[in-house]
Amino acid sequence: MNGKQIFALIVVVIAAYVAYDSVFVVTPRQRVVVVQMGKIIGSQYQPGLHFKMPFVQQVHRFDRRVMTLTGDIHRVLTSENKNLSVDYFVKWQIAKPVKYYLSTHGNADRARSLLTESVQNDLLAEFSKRTIRQAVGDDRNEIVAAVQVQVNQAAKQLGIDVRDVRIMKLDLPSKVSDTVYERMRSERQEVIRTLRAQGDAAAKEIRSDAERERTVVLAKAYKQAESIRGQGDAKAAQVYADAYKKDPGFYSFYRSLQVYRQNIGDNDVLLLKPDGKLFKYFNPALAAGAGHQK
C-alpha cells in the first residue's frame, strides 16, 4: 500500500467517523440533552433519528421511565426516644432533563444520593413528631404522605418528580414491640366491643320496628278480612233468601244435601231416628208429607 492509498484510507475512516458522530437516535425510553461547549443547546427531542455537529456537541441520555429507589434507616428516634429501623422505597422520574443535567451533571448516582438524603431527613423529622404507637399505627400513612410532599418540593430543584414514597417495613426492639403490639391489641379489642355493642343496639331497634310494623299490617289485614267476610256472608244470605222465595221445597232439599256433605264422611256411621227431620228425604212417607206441607 503506497502513501496515496494510506491517505485515502485515513480520509475514508475520518469521513465515516464524522458521519457516525453527526447523528444520534432517541428511543421512546430516553430523554436527551445536547451540550455544546458546556452549554445546553437542545432538550426537546422526540423518539427517532436526529442530527448534531460532530465533535463539538455531546449527547447525554437519561432514562424517562419511573425508577425505584430503595433504602433503610437503622436508627430512627420517635418523640419518646424509642429506636426504630425503617425500610422504604421511592418511585421517581426525571421530569425536566435540563434541570436534572444542571443539578446532577447527568450523574444518576448523584441524583439517587441527593434523593436518598432528602427522603431520610424527612422521614427522621416525621417520626420524631410521633410516638412509637402512632408511628406503627394509623399515622403511618400520614407520615409517608407528608414525606412525599416534602421530598417532591426538594426534588423539583433536581428536575425530578417523586411519584410515591412507601414504608416497606418497621422494625421495633423486641421489648418495645411486645408492649406496643399488646397495647394496640387492647385498643382493637375495645373498638371491636364498641362496634359490637352498637351493632346489637341497632339490631334490637330494627327488630322492634319490624315487629311493630308486622302488628300493624296484621291488624289491617284482619280488619280487611273481616269486612270481606261480612260482605260475603251478607251476599250469601241474600242468595239463600232469594232461592227460598223461588222454591222453598228445593231450597230445603239443597240445604239438607249441604248438611249431609258437610257432616257425613266416607267412613262415618250416623244413628238417626227414622222419623227425624234430617232423615226425611230418605223416608218416602216423610218426603211426601214435606211435599204436601209445601
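Leaving aside its neighbours within four places in sequence, Phe127 is in contact with Val76, Leu77, Thr78, Ser79, Leu84, Val86, Ala135, Ile143, Ile167 and Leu170, where contact means heavy atoms within 4.5 Å. This is a predicted model, in which local features need pLDDT of at least 70 and side-chain atom pairs count only at pLDDT 80 or more, while totals for chains, interfaces and linings use all residues. Residues are numbered from 1 along each chain as its sequence is written, and side-chain values use heavy atoms, with hydrogens and water left out.

Phe127 is also among the residues with the most contacts inside the largest nonpolar core, together with Val90, Trp92, Leu115 and Leu123, and this core has 37 residues. Such a core is a set of buried Ala, Val, Leu, Ile, Met, Phe, Trp, Tyr and Cys residues joined through side-chain atoms within 4.5 Å, buried being under 20% relative accessible area (1.4 Å probe, protein chains only). Strand E7 gives the most to this core, with 6 residues.

Of the 12 residues of E7 (residues 83–94), 9 are buried, so the strand is largely enclosed by the rest of the structure; strands (E, at least two residues) and helices (H or I, at least four) are DSSP runs, numbered from the N terminus. Two strands pair if DSSP finds at least two bridges between them.

E7 pairs with strand E6 (residues 67–77) in the antiparallel sense over 9 bridges, and Leu69 has Val90 in E7 as its bridge partner. These two strands form a hairpin with 5 residues between them, and Asn81 in the turn has a positive phi of about 60 degrees. E7 is also joined by 10 bridges to strand E8 (residues 160–171), again running antiparallel, with Val86 opposite Leu170 in E8.

## Helices H2 and H3

Helix H2 (residues 97–104) and helix H3 (residues 108–128) pack at an angle of about 85 degrees, with their axes 9 Å apart; axes are lines fitted to C-alpha atoms over the stretch in contact, and angles run from 0 to 180 degrees between N-to-C directions. Tyr100, Ser103 and Thr104 in H2 meet Ala108, Arg110, Ala111 and Leu114 in H3.

## The open sheet

Three strands form an open sheet in the order E3-E2-E5, with antiparallel pairing. Strands E3 (39–42) and E5 (57–63) stand at the edges, each with a single partner strand, so one side of each is left without a neighbour in the sheet.

Notes:
Buried < 20%, exposed > 50% of the residue type's maximum accessible area, 1.4 Å probe, protein only.
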